[in-house]
Amino acid sequence: MNNNPLDRRELLRAFGLGVLGTSCAPWLPALAAEMAADPRRTRHCILLWMSGGPSQTDTFDMKPGHANGGTFKEIATAAPGLRFSEHLPKLAAHAERLAVVRSLSTKEGDHDRGTHLVRTGHPPMGPVAYPSIACALAQELAPPDLSLPAYVSVAPPQQLSPAAFGPGFLGPRYAPAVVGQQASQGRRFADLKLDDLELPAGVSQLQAARRMKLWHALEDRFLAQRSDAPFEAHHALYRKAADLMRPEVRAAFDLSQEPDDVRSKYGPGMFGQGCLLARRLVERGVPLVEVALGAGGLGWDTHQDNFTQVLRLSEELDAGWATLMTELQDRSLLDSTTILWIGEFGRTPSINQMSGRDHFPTAWSCVFAGGGVAGGQAWGRTSPDGMSVEENKVAIGDVLATLCAALGVPPDHENITSAERPIKLAEGTPIAALLS
Amino acid sequence: MSARVDELLLRQWQARPVTPAAIASDAEFLRRASLDLAGVVPRVSEVRSFLADDDPAKRRRLIDRLLGSSGYASHMATTWGNRILPQGAEPARAREAAALQKWLRLRFASNLRYDNLVGGLLLTGGGDELGPALYYRALDVAPEKIAASVAELFLGVKLHCAQCHDHPLADWSQRDFWGFAAFFSRVKGPDGMGMQAPYRLADLHAGDVKLPDSDEVVPPKYPRGAAAADSPSLTRRAQLVLWLTSRDNRFFSRAAVNWAWQHMFGRPLVASLEGLDQNEPAANEALLDELADDFVRSGFDLQALWRTLANTRAYQLSSRYEGDQPPPELFARMLPKPLTPEQLYDSFLVLAPRRADAPQAAGAAPSAEGDLDEDPVRLEFIRRMRPPAGEPTAYRAGTLQALMLMNGSASRSVTTPQTSGFLGALEAPFMTDDQRIEALLLATLARQPSDGERALFKRLLAESLDDAARRSALSDALWALLNSTEFAFNH
């Protein structure tokens with residue numbers, strides 16, 4: 001602890017003001033260009049989480065002509081032979097950068113258990129608190145000097161399997177910074193600001209810096225005598241929050257800096273604006289961003305009235321995801337950014353009596369896109385009725401291992417639990433044909 | 001009974017062997033017991049008189065005083081309300097939740113027997129008795145949901161798995177589960193969604209549950225017991241309540257005691273009442289049995305149960321421990337618990353009571369049931385701070401919660417000199433800086449400042465040259481204390 005009287009310069013430094021205290025806009029494009037040119041550049045991962053379990057039959061593995069096919073039509077994409085739903089036209093234009101896995105097969109058909117399995121690679125229960133793959137990858141990919149959180153999650157589901165969204169044995173330091181859980185009604189665009197990021201009215205930057213300095217002094221004393229995991233977690237969280245409050249850092253979350261026509265292209269909802277935020281965060285070096293679609297309400301859990309709901313979800317998905325691809329490409333960031341589209345399971349190819357589709361883990365789809373991915377292809381094949389995998393069956397561990405490999409991270413890299421047990425990032429084999 | 005608890009724990013510590021932590025200081029104990037039993041940090045005056053008191057029985061007296069305070073009833077109502085309602089039920093039905101709070105508060109204040117409390121909840125007819133019907137309503141008055149909840153809360157058995165197939169571990173078959181659910185098959189909520197009408201629950205003369213994917217009707221059957229014949233005088237749920245709350249139902253008393261233990265010690269005495277956890281020290285099972293028997297003998301007297309637990313030596317142990325920490329299931333030291341959102345907010349209010357002249361928050365128009373108007377700022381604070389369900393000792397807040405405590409409206413009103421009664425009092429001209437610093441520490445951390453802390457804050461005040469600067473210096477000191485790790489935990 002520094003016992004000298006507080007002087008202004010020191011205060012500014014304590015609060016991270018000073019050199020970078022002005023607007024950040026001019027340095028951004030230059031930084032992005034530099035990042036794109038650097039061979040050791042940060043790799044980024046964007047996880048598009050489809051909460052509720054998306055219908056593969058109405059999106060990326062259509063069955064036209066079969067009774068299970070439903071009401072949607074298939075369209076050609078920019079990649080010869082690869083066909084998507086008619087409600088994903090913008091994505092179809094990016095098909096050369098998309099690789100669809102159509103032969104994913106898992107064993108968990110319950111939302112909680114499926115969510116845990118897909119996100120950690122392991123079914124729930126058991127002695128190890130497995131981290132979500134997003135937390136583990138954020139830890140691998142984070143540059144040491146990053147001020148922004150290494151993992152930002154936009155509007156994740158709040159009720160399902162909390163453990164599947166957390167850092168498990170890696171510890172709370174690797175937990176995501178969550179945005180967008182506050183309802184934003186009556187606005188033109190969904191609002192994704194981190195709340196309470198600004199100083200309270202009447203508190204100057206100088207005063208805030210003095211508060212933090214006092215806080216650090218108290219904390220140092222307390223933690224020197226008391227070490228307890230929950231105490232460390234509390235302390236680490238506050239440091240993270242204080243870091244975020246630096247003006248040039250918090251500007252990353254200010255979507256109002258984007259022109260309205262750009263915001264509109266992404267779509268006005270939480271998902272679209274979340275994809276825009278993902279682009280802004282990737283530009284600023286954040287290695288992992290997750291954007292959930294369908295986390296509020298039933299989402300992709302379309303037991304009833306599947307086609308109306310999937311149509312609406314597809315439109316949101318198409319606008320957000322396709323615009324994200326375009327804008328990352330324009331900034332030369334798509335090659336360093338790997339995208340995975342996935343939910344907790346697929347849906348029954350057969351249509352139930354309420355025009356719905358039910359949970360179906362036996363044969364379903366996920367999609368890779370962007371950096372490290374050999375696009376323009378589909379891997380694996382399901383039967384004409386969609387009920388089973390006929391070729392190249394893929395396990396969830398293989399999907400997670402492929403994601404690691406596409407990001408340049410060895411999937412067999414091990415983290416050690418507190419019980420000295422080594423745990424691989426992903427138990428599975430990368431699908432070589434999908435890697436570029 | 002407290003001595004008996006300590007005797008059984010001590011035997012375990014000796015067998016291992018582990019050395020228990022030292023006894024917590026008076027200051028630590030006062031703050032701990034106040035938060036656990038009354039839900040708030042102690043006031044400055046309480047800390048001063050407790051520390052000055054040289055009666056050797058002062059801890060026992062403190063426990064008695066806390067159990068008789070109004071804070072006890074509201075804290076228990078909050079804790080219990082959160083426990084029985086599924087997460088997410090509250091914000092949507094704020095008024096009903098407030099009514100349930102009031103209903104519970106009255107019962108905890110009069111120390112209603114626990115069996116009667118549970119019976120009253122499960123047998124509510126709703127209507128004019130606003131509140132407890134929210135329990136049924138939050139579970140959609142669906143027999144299988146009510147059954148799973150009742151089994152978990154009052155029997156300590158997690159049954160949702162048995163809904164679809166036989167319980168993989170405990171010996172509850174799918175048929176057992178639906179036999180249990182059948183007791184709730186004739187409870188019915190009101191037709192239609194009349195939002196304003198009182199929510200009335202009726203017991204019908206017909207209504208059954210069927211095994212999933214079949215037409216087979218499952219009659220009501222007590223878990224591991226006989227089938228229950230329909231009675232002309234008792235509704236099905238009344239029959240269940242009689243079985244559930246009977247003195248011989250060990251599931252009922254064990255689940256209650258295990259929950260009470262968790263409330264005080266941060267983790268349940270027995271992690272799984274279904275006997276699923278092989279690592280469980282068998283001695284904890286024996287201790288749970290004795291506590292449960294004692295609870296039944298006392299006539300399900302909750303205050304007596306709290307008194308037993310709070311007067312154990314185990315509850316007085318410090319959370320500090322030199323060397324490698326002992327396994328938590330041995331309770332050889334106190335586990336720090338993060339303050340709940342309610343404890344945080346209510347402790348803020350102890351520090352900075354709402355000024356009587358403060359403007360009414362928007363949307364708080366007084367209604368006919370004036371006492372059901374919960375502070376909307378408090379409700380919003382709690383909604384946003386509520387951690388996901390899980391272990392009470394894990395700190396699981398996110399950046400948003402930290403930012404809210406640093407910059408949000410609740411901490412703002414406590415630390416703004418114009419609105420904070422506490423900061424106003426510190427400006428009194430007769431106080432010395434030493435006394436001001438002491439009051440800051442007593443109010444937040446319930447202890448005297450250390451030499452280092454005294455020096456830190458003295459320097460801060462010495463640098464502040466005019467009244468305005470001193471005012472903001474005191475505000476900054478309070479802010480730093482309220483956001484400290486030490487404040488955020490009950491340890």
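Biologist: At what angle do helix α14 and helix α16 of chain B pack, and how far apart are their axes?

Modeller: This is a predicted model, in which local features need pLDDT of at least 70 and side-chain atom pairs count only at pLDDT 80 or more, whereas totals for chains, interfaces and linings use all residues. Residues are numbered from 1 along each chain as its sequence is written, and chains are lettered from A and ligands numbered from 1 in the order in which they are written.

Helix α14 (residues 250–265) and helix α16 (residues 302–310), both of chain B, pack at about 50° with their axes 11 Å apart (lines fitted to C-alpha atoms over the stretch in contact, with angles from 0 to 180 degrees between N-to-C directions). The crossing of the two helices is right-handed, the near helix being turned clockwise from the far one by less than a right angle. From α14(B), the residues B:Val257, B:Ala260, B:Trp261 and B:Met264 meet B:Leu305, B:Trp306, B:Leu309 and B:Ala310 of α16(B), with C-beta atoms within 7 Å counting as a contact. The residues of this contact comprise 8 nonpolar, no polar and no charged.

Of the 491 residues of chain B, 45% count as buried, with 20 or more other C-beta atoms within 10 Å of their own. Among its contacts between residues at least 6 apart in sequence, 68% join residues at least 24 apart.

In chain A, by way of background, 8 strands form an open sheet of mixed pairing in the order β6-β5-β7-β1-β8-β11-β4-β12, where strands pair if DSSP finds at least two bridges between them. Strands β6 (177–179) and β12 (377–379) of chain A stand at the edges with a single partner strand each, so one side of each is left without a neighbour in the sheet. The twist averages 20° from one strand to the next. Within this sheet, strand β7 (residues 288–293) of chain A has 6 of its 6 residues buried, so it is largely enclosed by the rest of the structure. Strand β1 (residues 44–50) of chain A pairs with β7(A) in the parallel sense over 6 bridges, and A:Met50 has A:Leu293 as its bridge partner in β7(A).

Note on methods
A residue is buried if 20 or more other C-beta atoms lie within 10 Å of its own, exposed if 12 or fewer, and partly exposed in between; C-beta atoms are placed from the backbone. Two residues are in contact if their C-beta atoms, placed from the backbone, lie within 7 Å. Helices (H or I, at least four residues) and strands (E, at least two) are DSSP runs, numbered from the N terminus. Ala, Val, Leu, Ile, Met, Phe, Trp, Tyr, Cys and Pro count as nonpolar, Asp, Glu, Lys and Arg as charged, and the others, Gly among them, as polar.
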